[in-house]
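Biologist: I would like to go through some labels on this structure. Please set each value against its cut-off.

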Amino acid sequence: QVQLVESGGGLVQAGGSLRISCAASGRTLSSYAMGWFRQAPGKEREFVAAITWSGGSTTYADSAKGRFTISTDHAKNTVYLQMNNLKPEDTATYHCAARYVIMPHYDYWGQGTQVTVSS
């Protein structure tokens, strides 16, 4: 089992920045990929960014490219999502997730952290 706990969400003005965190525990993550997803009210959950724990390979949704950066801190077993130039449409609950790197689906999810961007 992998336990994931997000933190760092909040209210920010459009154009501002925010860094959210995901603390992982329970297993060695060297064979895992970590992802960030978000879900706004009335909308489906969507992929934001992902990173492989060991190699640091990253992928981003088009909406995140150039504005968001996913990273890891192995000493703290934590995944970060740095979000710059935030827009009101980035308002959502952001969830951290983990999957075994060779598997297509994410098996472990955090409870989420709310990010609200005011115009």
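This is a predicted model: local features need pLDDT of at least 70, side-chain atom pairs count only at pLDDT 80 or more; totals for chains, interfaces and linings use all residues.

Biologist: What makes C22 and C96 a disulfide?

Modeller: The cut-off is a pair of cysteine sulfur atoms within 2.5 Å. The sulfur atoms of C22 and C96 are 2.1 Å apart, so the pair counts as a disulfide. The structure holds 1 disulfide.

Biologist: Which parts of the chain does the pair link?

Modeller: Distant ones. C22 sits in strand β3, residues 18–25, and C96 in strand β9. They are 74 residues apart.

Biologist: Why is the disulfide of C22 and C96 called left-handed?

Modeller: The torsion about its S-S bond is about -75°, so the disulfide is left-handed.

Biologist: Are C22 and C96 buried or exposed?

Modeller: Both C22 and C96 are buried. That label stands for under 20% relative accessible area.

Biologist: Now the loops. Why is N77 called partly exposed?

Modeller: Its relative accessibility is 23%. Buried would need under 20%, and exposed over 50%. N77 falls in between, so it counts as partly exposed.

Biologist: Where does N77 lie, and what is its phi?

Modeller: N77 lies in the loop between β7 (68–73) and β8 (78–83). Its phi is positive, about 50°, although N77 is not a glycine.

Biologist: How do you know that N85 is partly exposed?

Modeller: N85 has a relative accessible area of 42%. That value lies between the 20% and 50% cut-offs, so N85 is partly exposed. N85 is found in the loop between β8 and β9 (92–100). N85 is not a glycine, yet has a positive phi of about 50°.

Key:
Residues are numbered from 1 along each chain as its sequence is written. Side-chain values use heavy atoms; hydrogens and water are left out. Helices (H or I, at least four residues) and strands (E, at least two) are DSSP runs, numbered from the N terminus. Buried means under 20% relative accessible area, exposed over 50%, partly exposed in between (1.4 Å probe, protein chains only).
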